[in-house]
Amino acid sequence: MGVEHDVPKAGYVGRILQLVQSALTKRRNRNWFDGKSARIDWRNEALVVYAQSPILLGWLQKNYHDLLWESARMVGGPDAVVRYEVDAALKPEVPVLAAPAAQTLPVRGATRALAPASTPPSRSRQNKPFELQRFVRGPSNELAATAVQTLIEFPDSCPNPMYIHGGVGCGKTHLLEGLREGLGRRQPGLQLLAITSEEFTNLFTQALDTRSLPSFRQKFRNVDVLLVDDVDFFDGKRVVQEEFLHTIKHMLNHGRRVVVTADRHPRLLSRTSDELLSLYQSGLVCRLEAPDATTRLNIVKQLADRMKLNATVDALEYVAERFTRNVRELEGAVHYLTTWQNVNGTRVTVSAARDALSVLVRDCMKIVRLADVENAVCNLFGLPADELRSARRQRTVSEPRMLAMFLARRLTQAAYTEIGAHFGGRNHSTVMSAERKISGLMKSKASVRIAAQDWPVSELIAQLEQQLKAV
Ligand SMILES: Nc1ncnc2c1ncn2[C@@H]1O[C@H](COP(=O)(O)OP(=O)(O)OP(=O)(O)O)[C@@H](O)[C@H]1O
(Lines give C-alpha, C1' and ligand atoms only; values in the text may rest on other atoms or scores of the structure.)
Protein backbone atom coordinates (compact mmCIF):
# COMPACT_ATOMS: atom_id res chain seq x y z
CA MET A 1 0.00 0.00 0.00
CA GLY A 2 1.48 3.38 -0.99
CA VAL A 3 1.22 6.60 1.04
CA GLU A 4 -1.33 9.24 -0.01
CA HIS A 5 0.60 12.52 0.09
CA ASP A 6 -2.21 14.83 -0.90
CA VAL A 7 -4.69 14.41 1.96
CA PRO A 8 -4.80 17.43 4.32
CA LYS A 9 -4.74 16.46 8.02
CA ALA A 10 -8.31 17.59 8.53
CA GLY A 11 -9.39 15.04 5.97
CA TYR A 12 -7.48 12.09 7.46
CA VAL A 13 -10.41 10.65 9.38
CA GLY A 14 -12.75 10.73 6.42
CA ARG A 15 -10.19 9.17 4.08
CA ILE A 16 -9.25 6.43 6.55
CA LEU A 17 -12.92 5.71 7.12
CA GLN A 18 -13.41 5.38 3.37
CA LEU A 19 -10.53 2.93 3.08
CA VAL A 20 -11.67 0.87 6.05
CA GLN A 21 -15.28 0.77 5.00
CA SER A 22 -14.52 -0.09 1.41
CA ALA A 23 -12.58 -3.11 2.64
CA LEU A 24 -15.29 -4.00 5.12
CA THR A 25 -17.92 -3.90 2.44
CA LYS A 26 -16.32 -6.94 0.97
CA ARG A 27 -15.08 -8.67 4.04
CA ARG A 28 -17.03 -7.86 7.13
CA ASN A 29 -19.89 -6.02 8.64
CA ARG A 30 -19.72 -2.50 7.21
CA ASN A 31 -21.64 -1.04 10.13
CA TRP A 32 -18.57 -0.95 12.31
CA PHE A 33 -17.07 2.55 12.74
CA ASP A 34 -20.39 4.14 11.90
CA GLY A 35 -20.04 6.42 14.92
CA LYS A 36 -22.51 4.40 16.99
CA SER A 37 -20.74 1.27 18.18
CA ALA A 38 -17.25 2.46 17.33
CA ARG A 39 -15.62 5.53 15.82
CA ILE A 40 -12.19 6.75 14.78
CA ASP A 41 -10.23 9.96 15.19
CA TRP A 42 -6.76 11.24 14.29
CA ARG A 43 -4.62 12.56 17.15
CA ASN A 44 -0.87 13.14 17.48
CA GLU A 45 0.09 11.11 14.43
CA ALA A 46 -2.08 8.24 15.59
CA LEU A 47 -5.33 6.73 14.47
CA VAL A 48 -7.42 6.42 17.62
CA VAL A 49 -10.15 3.80 17.62
CA TYR A 50 -12.93 4.21 20.16
CA ALA A 51 -15.51 1.64 21.21
CA GLN A 52 -18.04 1.48 23.98
CA SER A 53 -16.28 -1.20 26.02
CA PRO A 54 -12.82 -2.70 26.38
CA ILE A 55 -14.20 -6.06 25.26
CA LEU A 56 -15.43 -4.58 22.02
CA LEU A 57 -12.14 -2.74 21.62
CA GLY A 58 -10.22 -5.97 22.13
CA TRP A 59 -12.39 -7.64 19.53
CA LEU A 60 -11.90 -4.82 17.02
CA GLN A 61 -8.19 -4.96 17.64
CA LYS A 62 -8.08 -8.72 17.13
CA ASN A 63 -10.15 -8.64 13.96
CA TYR A 64 -9.35 -5.31 12.28
CA HIS A 65 -5.98 -4.13 13.51
CA ASP A 66 -4.11 -4.87 10.28
CA LEU A 67 -6.69 -3.11 8.15
CA LEU A 68 -6.79 -0.08 10.46
CA TRP A 69 -3.04 0.13 10.66
CA GLU A 70 -2.56 -0.19 6.91
CA SER A 71 -5.17 2.51 6.28
CA ALA A 72 -3.59 4.80 8.91
CA ARG A 73 -0.15 4.38 7.35
CA MET A 74 -1.47 4.93 3.87
CA VAL A 75 -3.07 8.23 4.81
CA GLY A 76 -0.86 9.44 7.68
CA GLY A 77 2.51 8.10 6.57
CA PRO A 78 4.70 5.14 7.55
CA ASP A 79 5.06 6.17 11.21
CA ALA A 80 1.35 6.23 11.90
CA VAL A 81 0.22 4.02 14.77
CA VAL A 82 -3.17 2.81 15.97
CA ARG A 83 -4.35 3.34 19.54
CA TYR A 84 -7.47 1.94 21.17
CA GLU A 85 -9.54 3.85 23.71
CA VAL A 86 -12.86 3.38 25.44
CA ASP A 87 -15.58 5.97 24.85
CA ALA A 88 -18.56 5.24 27.09
CA ALA A 89 -20.60 7.86 25.23
CA LEU A 90 -20.72 5.49 22.29
CA LYS A 91 -23.12 3.28 24.17
CA PRO A 92 -25.95 2.83 21.70
CA GLU A 93 -29.49 3.68 22.58
CA VAL A 94 -31.06 0.40 23.47
CA PRO A 95 -34.80 0.19 23.83
CA VAL A 96 -36.46 -1.90 26.51
CA LEU A 97 -37.76 -5.27 25.39
CA ALA A 98 -40.99 -6.70 26.66
CA ALA A 99 -40.39 -8.27 30.07
CA PRO A 100 -42.71 -11.05 31.26
CA ALA A 101 -43.14 -9.39 34.65
CA ALA A 102 -41.01 -7.17 36.85
CA GLN A 103 -37.94 -9.25 37.80
CA THR A 104 -35.28 -8.33 40.25
CA LEU A 105 -31.52 -8.30 40.15
CA PRO A 106 -29.71 -8.20 43.47
CA VAL A 107 -27.94 -4.89 43.68
CA ARG A 108 -25.82 -3.67 46.58
CA GLY A 109 -27.42 -6.00 49.08
CA ALA A 110 -30.90 -4.85 48.10
CA THR A 111 -32.95 -5.55 45.01
CA ARG A 112 -33.78 -3.24 42.15
CA ALA A 113 -36.82 -3.67 39.93
CA LEU A 114 -36.28 -4.36 36.30
CA ALA A 115 -37.70 -1.98 33.79
CA PRO A 116 -41.22 -2.94 32.71
CA ALA A 117 -42.21 -3.70 29.17
CA SER A 118 -42.33 -0.69 26.91
CA THR A 119 -41.13 -0.04 23.37
CA PRO A 120 -40.49 -2.80 20.83
CA PRO A 121 -36.98 -3.28 19.41
CA SER A 122 -36.13 -0.44 17.04
CA ARG A 123 -34.30 -0.60 13.73
CA SER A 124 -31.23 0.82 15.41
CA ARG A 125 -30.69 -2.52 17.16
CA GLN A 126 -30.70 -4.57 14.02
CA ASN A 127 -27.04 -4.27 13.19
CA LYS A 128 -25.48 -4.97 16.57
CA PRO A 129 -23.12 -7.80 15.74
CA PHE A 130 -23.10 -9.31 19.22
CA GLU A 131 -26.73 -9.22 20.15
CA LEU A 132 -28.06 -12.46 21.59
CA GLN A 133 -30.72 -12.73 18.90
CA ARG A 134 -27.91 -13.40 16.45
CA PHE A 135 -26.36 -16.11 18.57
CA VAL A 136 -27.29 -19.39 16.91
CA ARG A 137 -27.97 -22.03 19.52
CA GLY A 138 -27.24 -25.72 19.38
CA PRO A 139 -26.06 -28.55 21.62
CA SER A 140 -22.53 -27.10 21.62
CA ASN A 141 -23.56 -23.84 23.29
CA GLU A 142 -27.06 -24.36 24.67
CA LEU A 143 -26.13 -24.33 28.35
CA ALA A 144 -24.07 -21.13 28.16
CA ALA A 145 -26.59 -19.34 25.93
CA THR A 146 -29.48 -20.28 28.21
CA ALA A 147 -27.55 -19.20 31.30
CA VAL A 148 -26.87 -15.79 29.76
CA GLN A 149 -30.48 -15.33 28.65
CA THR A 150 -31.72 -16.36 32.10
CA LEU A 151 -29.37 -13.90 33.77
CA ILE A 152 -30.97 -11.14 31.71
CA GLU A 153 -34.54 -12.23 32.31
CA PHE A 154 -34.58 -13.98 35.69
CA PRO A 155 -31.40 -12.95 37.48
CA ASP A 156 -32.59 -14.24 40.85
CA SER A 157 -32.46 -17.79 39.60
CA CYS A 158 -28.85 -17.56 38.37
CA PRO A 159 -25.78 -18.83 40.18
CA ASN A 160 -23.12 -16.21 40.80
CA PRO A 161 -20.36 -15.98 39.52
CA MET A 162 -20.79 -17.36 36.02
CA TYR A 163 -17.75 -18.77 34.22
CA ILE A 164 -18.02 -19.42 30.46
CA HIS A 165 -15.15 -21.22 28.79
CA GLY A 166 -14.40 -22.46 25.29
CA GLY A 167 -11.86 -22.48 22.48
CA VAL A 168 -10.95 -19.74 20.03
CA GLY A 169 -13.83 -18.19 18.07
CA CYS A 170 -16.59 -20.22 19.75
CA GLY A 171 -18.63 -17.23 20.88
CA LYS A 172 -17.42 -16.23 24.38
CA THR A 173 -17.13 -12.53 23.57
CA HIS A 174 -20.39 -12.64 21.64
CA LEU A 175 -22.22 -13.99 24.69
CA LEU A 176 -20.56 -11.55 27.07
CA GLU A 177 -21.31 -8.55 24.87
CA GLY A 178 -24.83 -9.87 24.26
CA LEU A 179 -25.28 -10.11 28.01
CA ARG A 180 -24.06 -6.56 28.50
CA GLU A 181 -26.38 -5.28 25.82
CA GLY A 182 -29.31 -7.32 27.13
CA LEU A 183 -28.85 -6.25 30.73
CA GLY A 184 -28.40 -2.62 29.72
CA ARG A 185 -31.61 -2.81 27.76
CA ARG A 186 -33.59 -4.44 30.55
CA GLN A 187 -32.22 -2.20 33.30
CA PRO A 188 -30.97 1.09 31.85
CA GLY A 189 -29.89 2.30 35.31
CA LEU A 190 -27.67 -0.68 36.01
CA GLN A 191 -23.96 0.01 36.48
CA LEU A 192 -22.28 -2.39 34.07
CA LEU A 193 -18.56 -2.73 33.59
CA ALA A 194 -17.26 -4.88 30.74
CA ILE A 195 -13.52 -5.28 30.51
CA THR A 196 -10.83 -7.67 29.33
CA SER A 197 -8.42 -9.21 31.83
CA GLU A 198 -5.57 -7.52 30.04
CA GLU A 199 -7.22 -4.15 30.51
CA PHE A 200 -7.88 -4.94 34.19
CA THR A 201 -4.19 -5.81 34.57
CA ASN A 202 -3.07 -2.60 32.85
CA LEU A 203 -5.30 -0.44 35.00
CA PHE A 204 -4.16 -2.26 38.13
CA THR A 205 -0.48 -1.76 37.21
CA GLN A 206 -1.13 1.91 36.51
CA ALA A 207 -2.89 2.26 39.86
CA LEU A 208 0.10 0.66 41.61
CA ASP A 209 2.50 2.99 39.80
CA THR A 210 0.50 6.10 40.60
CA ARG A 211 -0.46 4.98 44.12
CA SER A 212 -4.11 5.27 43.27
CA LEU A 213 -5.30 1.81 44.33
CA PRO A 214 -8.26 3.12 46.36
CA SER A 215 -9.86 4.79 43.34
CA PHE A 216 -9.07 1.78 41.17
CA ARG A 217 -10.84 -0.46 43.70
CA GLN A 218 -13.78 1.85 44.02
CA LYS A 219 -14.23 1.85 40.26
CA PHE A 220 -14.48 -1.93 40.10
CA ARG A 221 -16.20 -2.71 43.32
CA ASN A 222 -19.01 -0.21 42.93
CA VAL A 223 -20.51 -1.62 39.78
CA ASP A 224 -23.60 -3.83 39.79
CA VAL A 225 -22.39 -6.25 37.16
CA LEU A 226 -18.78 -6.94 36.23
CA LEU A 227 -18.08 -8.76 32.96
CA VAL A 228 -14.49 -9.85 32.40
CA ASP A 229 -13.30 -11.47 29.16
CA ASP A 230 -10.35 -13.91 28.96
CA VAL A 231 -9.51 -14.48 32.65
CA ASP A 232 -7.01 -17.13 31.55
CA PHE A 233 -4.80 -14.07 31.00
CA PHE A 234 -4.40 -13.89 34.81
CA ASP A 235 -2.92 -17.41 34.93
CA GLY A 236 0.59 -17.19 36.35
CA LYS A 237 0.20 -13.49 37.30
CA ARG A 238 0.08 -13.80 41.07
CA VAL A 239 -0.31 -10.19 42.15
CA VAL A 240 -3.10 -9.22 39.78
CA GLN A 241 -4.85 -12.52 40.54
CA GLU A 242 -4.91 -11.59 44.21
CA GLU A 243 -6.46 -8.24 43.36
CA PHE A 244 -9.04 -9.86 41.10
CA LEU A 245 -9.88 -12.40 43.80
CA HIS A 246 -10.63 -9.60 46.27
CA THR A 247 -12.63 -7.74 43.64
CA ILE A 248 -14.85 -10.78 43.01
CA LYS A 249 -15.19 -11.57 46.71
CA HIS A 250 -16.23 -8.01 47.42
CA MET A 251 -18.77 -8.05 44.64
CA LEU A 252 -20.29 -11.36 45.66
CA ASN A 253 -20.46 -10.29 49.31
CA HIS A 254 -22.41 -7.22 48.24
CA GLY A 255 -24.87 -9.11 46.07
CA ARG A 256 -23.42 -8.01 42.77
CA ARG A 257 -22.95 -10.10 39.66
CA VAL A 258 -19.74 -11.35 38.10
CA VAL A 259 -19.48 -13.10 34.73
CA VAL A 260 -16.13 -14.14 33.28
CA THR A 261 -14.91 -15.99 30.20
CA ALA A 262 -11.77 -18.05 29.63
CA ASP A 263 -10.26 -20.38 27.09
CA ARG A 264 -10.35 -23.36 29.50
CA HIS A 265 -12.03 -24.86 32.54
CA PRO A 266 -10.92 -23.34 35.86
CA ARG A 267 -9.26 -26.61 36.86
CA LEU A 268 -6.94 -26.22 33.90
CA LEU A 269 -5.68 -22.83 35.04
CA SER A 270 -2.69 -24.47 36.62
CA ARG A 271 -1.03 -21.25 37.77
CA THR A 272 -4.04 -19.68 39.41
CA SER A 273 -4.51 -19.65 43.18
CA ASP A 274 -6.73 -22.33 44.70
CA GLU A 275 -8.90 -19.68 46.28
CA LEU A 276 -9.64 -17.97 42.97
CA LEU A 277 -10.24 -21.34 41.28
CA SER A 278 -12.72 -22.39 43.92
CA LEU A 279 -14.49 -19.03 43.61
CA TYR A 280 -14.82 -19.54 39.85
CA GLN A 281 -16.22 -22.99 40.47
CA SER A 282 -18.61 -21.94 43.21
CA GLY A 283 -21.12 -20.54 40.70
CA LEU A 284 -22.00 -21.85 37.26
CA VAL A 285 -19.25 -23.14 34.97
CA CYS A 286 -20.38 -23.75 31.41
CA ARG A 287 -18.52 -24.76 28.33
CA LEU A 288 -18.83 -23.61 24.73
CA GLU A 289 -17.82 -26.42 22.41
CA ALA A 290 -16.86 -26.10 18.77
CA PRO A 291 -20.22 -26.02 16.95
CA ASP A 292 -21.70 -29.32 15.83
CA ALA A 293 -22.78 -29.94 12.19
CA THR A 294 -26.37 -28.70 12.52
CA THR A 295 -25.37 -25.56 14.42
CA ARG A 296 -22.68 -24.84 11.83
CA LEU A 297 -25.20 -25.09 9.01
CA ASN A 298 -27.63 -22.80 10.84
CA ILE A 299 -24.84 -20.27 11.43
CA VAL A 300 -23.82 -20.43 7.75
CA LYS A 301 -27.44 -19.89 6.69
CA GLN A 302 -27.77 -16.93 9.02
CA LEU A 303 -24.51 -15.41 7.78
CA ALA A 304 -25.47 -15.95 4.13
CA ASP A 305 -28.78 -14.27 4.76
CA ARG A 306 -27.17 -11.32 6.48
CA MET A 307 -24.50 -10.86 3.82
CA LYS A 308 -26.95 -11.39 0.97
CA LEU A 309 -25.03 -14.37 -0.31
CA ASN A 310 -26.98 -16.07 -3.07
CA ALA A 311 -25.78 -19.66 -2.81
CA THR A 312 -27.30 -23.09 -3.39
CA VAL A 313 -28.16 -25.18 -0.36
CA ASP A 314 -25.41 -27.69 -1.13
CA ALA A 315 -22.87 -24.84 -1.36
CA LEU A 316 -23.86 -23.74 2.16
CA GLU A 317 -23.71 -27.34 3.35
CA TYR A 318 -20.24 -27.62 1.85
CA VAL A 319 -19.05 -24.61 3.90
CA ALA A 320 -20.54 -26.06 7.11
CA GLU A 321 -18.86 -29.42 6.45
CA ARG A 322 -15.42 -28.03 5.60
CA PHE A 323 -14.93 -25.46 8.35
CA THR A 324 -15.48 -27.27 11.58
CA ARG A 325 -13.33 -25.76 14.30
CA ASN A 326 -15.02 -22.49 15.14
CA VAL A 327 -17.44 -19.83 13.99
CA ARG A 328 -14.72 -17.42 12.92
CA GLU A 329 -13.70 -19.84 10.16
CA LEU A 330 -17.29 -20.08 8.97
CA GLU A 331 -17.54 -16.29 8.87
CA GLY A 332 -14.33 -16.09 6.84
CA ALA A 333 -15.66 -18.61 4.32
CA VAL A 334 -19.01 -16.84 3.87
CA HIS A 335 -17.26 -13.46 3.47
CA TYR A 336 -15.02 -15.01 0.85
CA LEU A 337 -17.93 -16.45 -1.12
CA THR A 338 -19.80 -13.15 -0.94
CA THR A 339 -16.81 -11.41 -2.49
CA TRP A 340 -16.61 -14.14 -5.13
CA GLN A 341 -20.29 -13.62 -5.92
CA ASN A 342 -19.85 -9.85 -6.20
CA VAL A 343 -16.90 -10.23 -8.53
CA ASN A 344 -18.46 -12.91 -10.73
CA GLY A 345 -22.04 -11.72 -10.59
CA THR A 346 -23.42 -15.27 -10.39
CA ARG A 347 -25.03 -17.54 -7.84
CA VAL A 348 -22.56 -19.63 -5.84
CA THR A 349 -22.94 -23.33 -6.63
CA VAL A 350 -21.23 -26.11 -4.73
CA SER A 351 -18.51 -26.51 -7.36
CA ALA A 352 -17.86 -22.75 -7.37
CA ALA A 353 -17.66 -22.85 -3.57
CA ARG A 354 -15.23 -25.77 -3.70
CA ASP A 355 -12.96 -23.93 -6.16
CA ALA A 356 -13.19 -20.54 -4.50
CA LEU A 357 -12.55 -21.88 -1.02
CA SER A 358 -9.74 -24.30 -1.84
CA VAL A 359 -7.07 -21.88 -0.61
CA LEU A 360 -8.96 -21.16 2.62
CA VAL A 361 -9.49 -24.87 3.23
CA ARG A 362 -5.76 -25.44 2.87
CA ASP A 363 -4.90 -22.52 5.16
CA CYS A 364 -7.26 -23.82 7.83
CA MET A 365 -5.34 -27.10 8.07
CA LYS A 366 -3.15 -26.16 10.96
CA ILE A 367 0.13 -28.05 11.14
CA VAL A 368 0.89 -29.11 14.69
CA ARG A 369 4.57 -29.58 15.57
CA LEU A 370 6.17 -31.54 18.39
CA ALA A 371 7.24 -28.26 19.99
CA ASP A 372 3.60 -27.07 20.00
CA VAL A 373 2.52 -30.21 21.85
CA GLU A 374 5.38 -29.84 24.31
CA ASN A 375 4.50 -26.18 24.98
CA ALA A 376 0.82 -26.89 25.50
CA VAL A 377 1.46 -29.75 27.93
CA CYS A 378 4.18 -27.91 29.86
CA ASN A 379 1.97 -24.86 30.12
CA LEU A 380 -0.93 -26.86 31.45
CA PHE A 381 1.05 -28.78 34.04
CA GLY A 382 3.33 -25.85 34.92
CA LEU A 383 6.43 -27.87 34.00
CA PRO A 384 9.61 -26.64 32.32
CA ALA A 385 10.33 -28.39 28.99
CA ASP A 386 13.64 -29.84 30.19
CA GLU A 387 11.80 -31.61 33.00
CA LEU A 388 9.41 -33.20 30.51
CA ARG A 389 12.41 -34.45 28.54
CA SER A 390 14.34 -35.54 31.64
CA ALA A 391 14.80 -39.08 32.98
CA ARG A 392 12.53 -38.40 35.98
CA ARG A 393 9.88 -41.06 36.55
CA GLN A 394 7.72 -39.42 39.20
CA ARG A 395 4.03 -39.39 38.24
CA THR A 396 3.97 -35.59 38.16
CA VAL A 397 6.40 -35.72 35.24
CA SER A 398 5.77 -39.13 33.67
CA GLU A 399 2.01 -38.58 33.20
CA PRO A 400 2.39 -35.25 31.36
CA ARG A 401 5.17 -36.84 29.28
CA MET A 402 2.91 -39.74 28.29
CA LEU A 403 0.12 -37.32 27.44
CA ALA A 404 2.51 -35.32 25.26
CA MET A 405 3.61 -38.46 23.43
CA PHE A 406 0.00 -39.54 22.93
CA LEU A 407 -0.97 -36.14 21.54
CA ALA A 408 2.12 -36.05 19.35
CA ARG A 409 0.97 -39.31 17.74
CA ARG A 410 -2.53 -38.00 17.23
CA LEU A 411 -1.79 -34.52 15.96
CA THR A 412 1.62 -34.50 14.31
CA GLN A 413 3.07 -36.41 11.39
CA ALA A 414 6.05 -37.50 13.50
CA ALA A 415 7.03 -41.18 13.68
CA TYR A 416 7.44 -43.06 16.99
CA THR A 417 11.22 -42.72 16.82
CA GLU A 418 11.07 -38.95 16.25
CA ILE A 419 8.66 -38.48 19.15
CA GLY A 420 10.82 -40.61 21.43
CA ALA A 421 13.93 -38.66 20.41
CA HIS A 422 12.18 -35.34 21.04
CA PHE A 423 11.00 -36.25 24.51
CA GLY A 424 14.38 -37.03 26.04
CA GLY A 425 15.97 -39.52 23.64
CA ARG A 426 13.55 -42.37 24.38
CA ASN A 427 13.03 -45.30 22.04
CA HIS A 428 9.99 -46.03 19.94
CA SER A 429 8.62 -48.71 22.29
CA THR A 430 8.36 -46.14 25.12
CA VAL A 431 6.16 -43.98 22.89
CA MET A 432 4.02 -46.97 21.91
CA SER A 433 3.58 -47.91 25.53
CA ALA A 434 2.64 -44.29 26.43
CA GLU A 435 0.04 -44.36 23.66
CA ARG A 436 -1.44 -47.61 25.02
CA LYS A 437 -1.38 -46.37 28.60
CA ILE A 438 -3.23 -43.11 27.82
CA SER A 439 -5.80 -44.92 25.65
CA GLY A 440 -6.38 -47.29 28.57
CA LEU A 441 -6.79 -44.39 31.01
CA MET A 442 -9.30 -42.79 28.67
CA LYS A 443 -11.30 -46.00 28.37
CA SER A 444 -11.37 -46.54 32.10
CA LYS A 445 -12.40 -42.88 32.64
CA ALA A 446 -9.35 -42.35 34.84
CA SER A 447 -8.10 -38.95 36.02
CA VAL A 448 -4.74 -37.26 36.34
CA ARG A 449 -3.80 -34.67 38.88
CA ILE A 450 -3.15 -31.05 37.93
CA ALA A 451 -2.48 -28.42 40.57
CA ALA A 452 -3.87 -30.66 43.33
CA GLN A 453 -7.09 -31.38 41.45
CA ASP A 454 -8.21 -34.44 39.53
CA TRP A 455 -9.03 -34.06 35.88
CA PRO A 456 -10.55 -36.78 33.61
CA VAL A 457 -7.95 -37.80 31.03
CA SER A 458 -10.39 -37.75 28.12
CA GLU A 459 -11.48 -34.17 28.87
CA LEU A 460 -7.90 -33.13 29.20
CA ILE A 461 -7.06 -34.60 25.81
CA ALA A 462 -10.10 -32.94 24.23
CA GLN A 463 -9.13 -29.58 25.73
CA LEU A 464 -5.51 -29.81 24.62
CA GLU A 465 -6.51 -30.98 21.15
CA GLN A 466 -8.89 -28.06 20.74
CA GLN A 467 -6.18 -25.67 21.83
CA LEU A 468 -3.54 -27.19 19.54
CA LYS A 469 -5.77 -27.30 16.50
CA ALA A 470 -6.92 -23.68 16.89
CA VAL A 471 -5.37 -21.33 14.37
N1 LIG B 1 -23.36 -19.39 18.04
C2 LIG B 1 -23.01 -18.34 17.29
N3 LIG B 1 -23.93 -17.76 16.48
C4 LIG B 1 -23.60 -16.72 15.68
N5 LIG B 1 -22.39 -16.15 15.64
C6 LIG B 1 -21.42 -16.66 16.44
C7 LIG B 1 -21.69 -17.77 17.31
N8 LIG B 1 -20.56 -18.07 17.98
C9 LIG B 1 -19.64 -17.19 17.56
N10 LIG B 1 -20.14 -16.35 16.64
C11 LIG B 1 -19.43 -15.28 15.92
O12 LIG B 1 -18.10 -15.77 15.67
C13 LIG B 1 -17.15 -14.73 15.83
C14 LIG B 1 -16.15 -15.13 16.90
O15 LIG B 1 -16.83 -15.19 18.15
P16 LIG B 1 -16.20 -14.56 19.48
O17 LIG B 1 -15.35 -13.37 19.15
O18 LIG B 1 -17.32 -14.37 20.44
O19 LIG B 1 -15.28 -15.78 19.93
P20 LIG B 1 -14.42 -15.98 21.25
O21 LIG B 1 -14.84 -17.30 21.81
O22 LIG B 1 -14.54 -14.79 22.13
O23 LIG B 1 -12.98 -16.11 20.63
P24 LIG B 1 -11.55 -15.67 21.22
O25 LIG B 1 -11.22 -16.68 22.28
O26 LIG B 1 -10.65 -15.77 20.04
O27 LIG B 1 -11.69 -14.28 21.74
C28 LIG B 1 -17.92 -13.48 16.21
O29 LIG B 1 -18.13 -12.70 15.05
C30 LIG B 1 -19.24 -14.01 16.73
O31 LIG B 1 -20.30 -13.10 16.49
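The residues of the shell around the ligand comprise eight nonpolar, six polar and five charged; here Ala, Val, Leu, Ile, Met, Phe, Trp, Tyr, Cys and Pro count as nonpolar, Asp, Glu, Lys and Arg as charged, and the others, Gly among them, as polar. The model is predicted, so that local features need pLDDT of at least 70 and side-chain atom pairs pLDDT 80 or more, whereas totals for chains, interfaces and linings use all residues. Residues are numbered from 1 along each chain as its sequence is written, and side-chain values use heavy atoms, with hydrogens and water left out.

Among the 19 residues around the ligand, K62, K172, T173, H174 and E331 come nearest (a residue belongs here if one of its heavy atoms lies within 4 Å). Polar contacts, pairs of N or O atoms within 3.5 Å, can be followed individually. A polar backbone atom of V136 is 2.8 Å from a nitrogen atom of the ligand. Of the 630 Å² of accessible area that the ligand has on its own, the protein covers 94% (Shrake-Rupley method, 1.4 Å probe).

Elsewhere, P400 is found in helix 15 (residues 395-411), helices being DSSP runs (H or I) of at least four residues. P400 is buried, with a relative accessible area of 1%, where buried means under 20%. P400 touches V377, F381, L383, L388 and R395, not counting residues up to four places away in sequence; contact means heavy atoms within 4.5 Å. The C-alpha atoms of P400 and V377 are separated by 6.5 Å, although these residues are 23 residues apart along the chain.

Notes: A polar contact is a pair of N or O atoms within 3.5 Å; within protein, one must be able to donate a hydrogen and the other to accept it, and residues adjacent in sequence count only if both atoms are side-chain atoms. Helices (H or I, at least four residues) and strands (E, at least two) are DSSP runs, numbered from the N terminus. Buried means under 20% relative accessible area, exposed over 50%, partly exposed in between (1.4 Å probe, protein chains only).
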